[in-house]
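Reader: Could we go through this model together? I would like to start with the packing and then turn to the side-chain pairs.

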Amino acid sequence: KASCVEMATATRSFVSSAVRRRPNAIFLNSGRLNYDFRLDFNRIAELTNLTHNDVDIVTCPDEIVKIVTDSQAEIVITKEMELPSSALKRFPQSVKFLCEAGTGYNNIPTDLARTMGIDVVNI
């Protein structure tokens, strides 16, 4: 896991590079968090070009890669969803952040993400 200082530095670097434009973000399984469609995603939508995939879970690695690639995401958000290494290995180079909307990283291959230059954070 990255230290707080490392994460803050990475976040500042990413945010400063995105000052001119809003980064593309995909919430791969927003239906898991927003199961009753009552959550307000306006704040994150103000900061990013946010795309929702309103499903509970995506299990097929090919489908995950297609969704991320089609969205041209720089930020990939998940909620209690396993992100297989086989999918992460095929993510486009545009992906810079993996965000778990909750606690823990047990569903994300953090070591692989780190070797790919992708930061992993909780939101």
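Author: This is a predicted model. The elements that cover the buried residues of α4 include β1 (24-27), β3 (75-78) and α5 (85-88).

Reader: Which residues of α4 are buried?

Author: Within helix α4, which spans residues 61-71, the buried positions are Ile-64, Val-65, Ile-67, Val-68 and Ser-71.

Reader: What is Ile-64 in contact with, leaving aside its neighbours within four places in sequence?

Author: With those neighbours set aside, Ile-64 contacts Leu-28, Val-58, Met-81, Glu-82, Leu-83, Pro-84, Ala-87 and Phe-91.

Reader: Now the largest nonpolar core. Which of its residues touch the most other members?

Author: The core has 21 residues, and those touching the most other members are Leu-28, Ile-64, Val-68, Val-76, Phe-91 and Leu-98. Both α4 and α5 supply at least two residues of this core, and α4 gives the most, with four residues. There is also a second, separate core of ten residues, with Leu-50, Ile-75, Ile-77 and Ala-101 among them.

Reader: Let us change topic. How many salt bridges are there?

Author: The count comes to eight salt bridges. In one of them, Glu-80 pairs with Arg-32, and the closest N and O atoms are 3.7 Å apart. Glu-80 lies in the loop between β3 and α5, whereas Arg-32 belongs to helix α2 (residues 30-33), so the pair ties together parts that are 48 residues apart in sequence.

Reader: Where do those two stand in terms of relative accessible area?

Author: Glu-80 is partly exposed, at 42%, and Arg-32 is also partly exposed, at 28%.

Reader: Which residues are linked with Glu-80 in a network of salt bridges?

Author: The network links Glu-80 with Arg-32, Asp-56 and Lys-79. Between Glu-80 and Lys-79, the closest N and O atoms of the salt bridge are 3.6 Å apart. Lys-79 is buried, with a relative accessible area of 15%.

Reader: Which residue does Arg-90 meet in a salt bridge?

Author: The side chain of Arg-90 meets that of Asp-62, at 2.6 Å from N to O. Arg-90 counts as partly exposed at 42% relative accessibility, and Asp-62 as partly exposed at 48%.

Reader: Last topic, the aromatics. How many aromatic pairs does a search of the whole structure find?

Author: The search finds one aromatic pair. The ring centres of Phe-27 and Phe-41 are 6.0 Å apart and the planes stand at 85 degrees, so the pair is edge-to-face. Phe-27 is in strand β1 and Phe-41 is in the loop between α2 and α3 (42-47), so that distant parts of the chain, 14 residues apart, are linked.

Reader: Is Phe-27 buried or exposed, and what about Phe-41?

Author: Phe-27 is buried, at 3% relative accessibility. Phe-41 is buried as well, with a relative accessible area of 17%.

How values were computed. Residues are numbered from 1 along each chain as its sequence is written. This is a predicted model: local features need pLDDT of at least 70, side-chain atom pairs count only at pLDDT 80 or more; totals for chains, interfaces and linings use all residues. Side-chain values use heavy atoms; hydrogens and water are left out. Buried means under 20% relative accessible area, exposed over 50%, partly exposed in between (1.4 Å probe, protein chains only). Contact means heavy atoms within 4.5 Å. A salt bridge is a side-chain nitrogen of Lys or Arg within 4 Å of a carboxyl oxygen of Asp or Glu. Rings of Phe, Tyr and Trp (its six-membered ring) pair if their centres lie within 6.5 Å; planes under 30 degrees apart count as stacked, over 60 as edge-to-face and the rest as tilted. A nonpolar core is a set of buried Ala, Val, Leu, Ile, Met, Phe, Trp, Tyr and Cys residues joined through side-chain atoms within 4.5 Å.
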